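Open the structure in your viewer and keep the selection tool at hand. Each stop below says what to select and what is there.

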Amino acid sequence: MESAEQVAKDAERREIRDRWLLSAPALIIIFLAATGPLLIVVVYSFLTPGPYGDVVWKFSTDGWLSVLMQRDIFDDTLAFADAHLSIFWRSAKLSFMTTILTLLFGFPTAYFIATRPARQRDIWLFLITIPFWTNLLIRTFAIQEVIRNEGIANTVLIKLGIISQPIQMMFTDFALMVGMTYVYLPLMVLPLYASMEKIDFRLVEAGYDLYANRFQVLRRVIIPLVKPGIIAGSILVFIPALGAYVTPRVLGGSKNMMLGNLIELQFGQGRNWPLGSALSLSLMAIVMVALLLYVRAVGRRGGAHG
Amino acid sequence: MPEQPGRSAIEVRGVRKVFGTGESQVAALDTVSVSIRENEFFTLLGPSGCGKTTLLRLIAGFDFPSAGEILLHGQDIAPLPPFKRPVNTVFQNYALFPHMTVAENIGFGLEMLGKPKAEVKARVAEMLKLVKMEALSNRRTSQISGGQQQRVALARALAPQPKVLLLDEPLSALDFKLRKEMQIELKRLQHETGITFIFVTHDQEEALTMSDRIAVMSSGKILQVGTPWDIYDKPAERFVADFIGETNFLTAAITGMGNGKARATLKSGATIDATVAEGFQPKDNATVVVRPEHAKLTSGKGDLSGTVENIVYFGTDTHIHVRLDSSETFTVRQQNTRSAGCGFERGDKVGISIGNDAAQVLRD
């Protein structure tokens with residue numbers, strides 16, 4: 001007869017085995033869908049570009065070096081080149097602006113929805129999500145239709161006699177900002193709304209009661225309370241904005257490149273997959289550092305609630 | 001307690017508040033007028049939905065009246081936003097700012113008033129001492145107990161030295177023992193600060209024990225204003241008599257009036273003297289109320305007669321339910337002694353004598 005100890009040990013072993021079996025699908029997905037592809041990108045960034053794209057399996061650090069430097073085609077020396085860096089900087093700047101603009105427009109919108117009667121809120125939220133139903137490319141072309149020289153905005157302004165010549169809006173940073181703000185606005189509104197919906201509006205009344213005017217209530221009561229939503233919304237907008245591809249391509253033109261376009265270029269016409277991989281990984285690193293700094297700076301206070 | 005005329009801190013004149021539009025219009029307050037004196041502990045008492053909180057919110061400025069005036073020391077404040085009224089509120093669930101410490105919460109009002117930092121600090125320290133919370137000044141409000149939150153809410157509302165303090169059922173979230181403690185604490189604070197308190201509650205016992213004067217409200221109207229003693233012993237309407245304490249309702253014919261008293265002939269044929277509610281219009285059949293402790297059970301003949309239906313022992317006293325011969329029910333409350341029993345048994349034929357100053361004629 002088996003001892004009680006033996007039985008207990010077997011049961012434990014079986015339980016451990018079952019646990020692994022049950023987690024296997026999750027582990028496989030995490031590896032295949034997340035870790036695996038990332039590893040491939042890391043490996044590719046250390047290889048040599050093939051003549052028609054793809055990679056040659058020969059170790060090289062050129063991919064990484066070309067992120068910030070340029071190899072002279074005559075004497076093979078490396079020199080610092082700021083072409084990529086300026087695109088990084090430009091992308092960061094535009095993404096930051098997009099985040100600020102979506103916050104400025106999204107905050108009142110979310111507040112408006114959160115202060116409607118419960119039954120109305122669903123309708124407003126539904127309206128906010130409608131753009132998601134349309135393909136991004138189509139939405140972007142729709143904006144182009146509004147702001148191009150012969151577009152609706154210029155036509156109306158000319159007809160009204162406010163301007164005589166169409167204003168060049170396409171292929172400018174202005175066009176990019178309009179497009180990006182429009183595209184990413186719902187990603188800001190939804191987390192902001194989720195935070196605001198949880199606010200106990202008696203706290204707002206308490207603020208008014210204690211002699212705070214509207215602006216002071218906003219600054220001292222509402223904003224601190226929706227901070228988790230502001231953080232979440234900013235992250236949700238900033239990260240995809242940094243890697244935006246379609247919007248800068250359609251509205252910004254080829255001159256006003258952003259990181260997404262630069263990376264695409266390396267995998268396409270540029271036929272430099274290692275450089276593309278290195279740029280992608282650099283983008284990831286920037287996002288992670290930015291996130292860390294942001295959460296640290298904003299999340300220091302007010303961590304006790306949320 | 002004699003009624004002392006004093007300056008009124010708050011004067012509500014013909015205030016109406018209507019919510020909704022068209023068909024779904026509801027009058028939360030139906031032309032209410034009341035005058036609240038300076039340094040008074042004034043209670044708005046009524047069941048939920050009676051309009052007491054609406055009236056409080058109008059005084060605080062969170063809502064604006066549909067009609068009427070609200071005067072604070074003679075000045076109409078009805079159109080002012082809440083941050084321009086020298087009136088502070090203690091909210092039902094305290095509404096403490098979760099992102100601030102206890103001290104920051106208490107100092108918030110003073111800070112918004114633009115007081116210098118040193119003054120704010122001194123006043124916060126003073127307030128912390130007043131509500132005995134010095135030790136927890138740097139805690140988050142989520143890290144303190146319900147009773148402590150209550151104290152912080154009080155300190156926060158008192159810190160800017162408002163002319164009037166509004167309290168919206170502030171004790172309802174506390175357990176029984178803590179509630180008793182806070183009732184005494186509130187009376188102490190009101191006494192020490194000399195600020196007019198307007199207290200909203202649905203708890204009649206709380207209202208009776210704490211208030212200088214009580215306004216009993218129902219369906220958007222103030223039915224009666226008076227001292228706890230007035231309200232309990234001389235209720236004006238059936239609702240007031242029924243809502244506060246236990247009472248016996250008897251139908252009687254008014255056979256004579258004079259000197260503020262009425263002669264009421266009960267169904268049993270007995271005639272008793274009764275005080276008369278203000279605004280009583282002479283009519284044939286009036287309602288007379290008698291509190292259970294103001295009537296006495298006798299084995300002989302009394303003003304009323306009936307049969308004992310039930311006897312309930314309460315420790316301090318015994319409630320004896322009697323079915324009157326006129327088929328009405330009547331409860332007598334009898335003080336207990338240590339000698340056994342109340343002297344009566346179920347099924348006994350008994351008489352009930354109503355004391356000299358024990359009955360009140362209602363106006364409705």
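Predicted model: local features only at pLDDT ≥ 70, side-chain atom pairs only at ≥ 80, totals over all residues.

**Stop 1: annotated spans in chain A**

Select residues 20-47 of chain A. The unreviewed UniProt entry labels this stretch "transmembrane region", and gives the label also to 94-114, 123-142, 174-194 and 275-295 of chain A. Look at how residues 20-47 are folded: 89% of the span is helix and 0% is strand. From one end C-alpha atom of residues 20-47 to the other is 36 Å.

Now select residues 94-114 of chain A. Here the span is 100% helix and 0% strand, and its end C-alpha atoms are 29 Å apart.

**Stop 2: the two domains of chain A**

Colour residues 4-79 of chain A one way and residues 82-304 another. These are domain 1 and domain 2 in the domain assignment of chain A. Between the C-alpha centres of domain 1 and domain 2 of chain A there are 32 Å.

How many residues of each domain are in contact with the other? Domain 1 of chain A contributes 18 residues and domain 2 of chain A contributes 13. On the side of domain 1 that touches domain 2, select α1 (4-44), β1 (48-49) and α2 (62-68) of chain A; each of them supplies at least two residues. The largest share comes from α2(A), with six residues. By type, that side of domain 1 of chain A holds ten nonpolar residues, six polar and two charged.

**Stop 3: chain B by itself**

Along the principal axes, the C-alpha atoms of chain B fill a box of roughly 75 × 50 × 40 Å.

Next, consider which parts of the sequence meet. Take the contacts in chain B between residues at least 6 apart in sequence: 66% of these join residues at least 24 apart.

**Stop 4: where chains A and B meet**

Show both chains again. The contact involves 18 residues of chain A and 20 residues of chain B. Which elements of chain B give two or more residues to the side that touches chain A? They are β6 (87-90) and α2 (102-112) of chain B. Of these, α2(B) gives the most, with three residues. Finally, colour that side of chain B by residue type: 13 residues are nonpolar, six are polar and one is charged.

How values were computed. Residues numbered from 1 in each chain as written. Chains lettered and ligands numbered in written order. UniProt positions renumbered as here; feature names shortened; annotations may be inferred. Helix = DSSP H or I, 4+ residues; strand = E, 2+ residues; numbered from the N terminus. Contact = placed C-beta atoms within 7 Å. Nonpolar A, V, L, I, M, F, W, Y, C, P; charged D, E, K, R; others polar. Domains from an automatic or database assignment.
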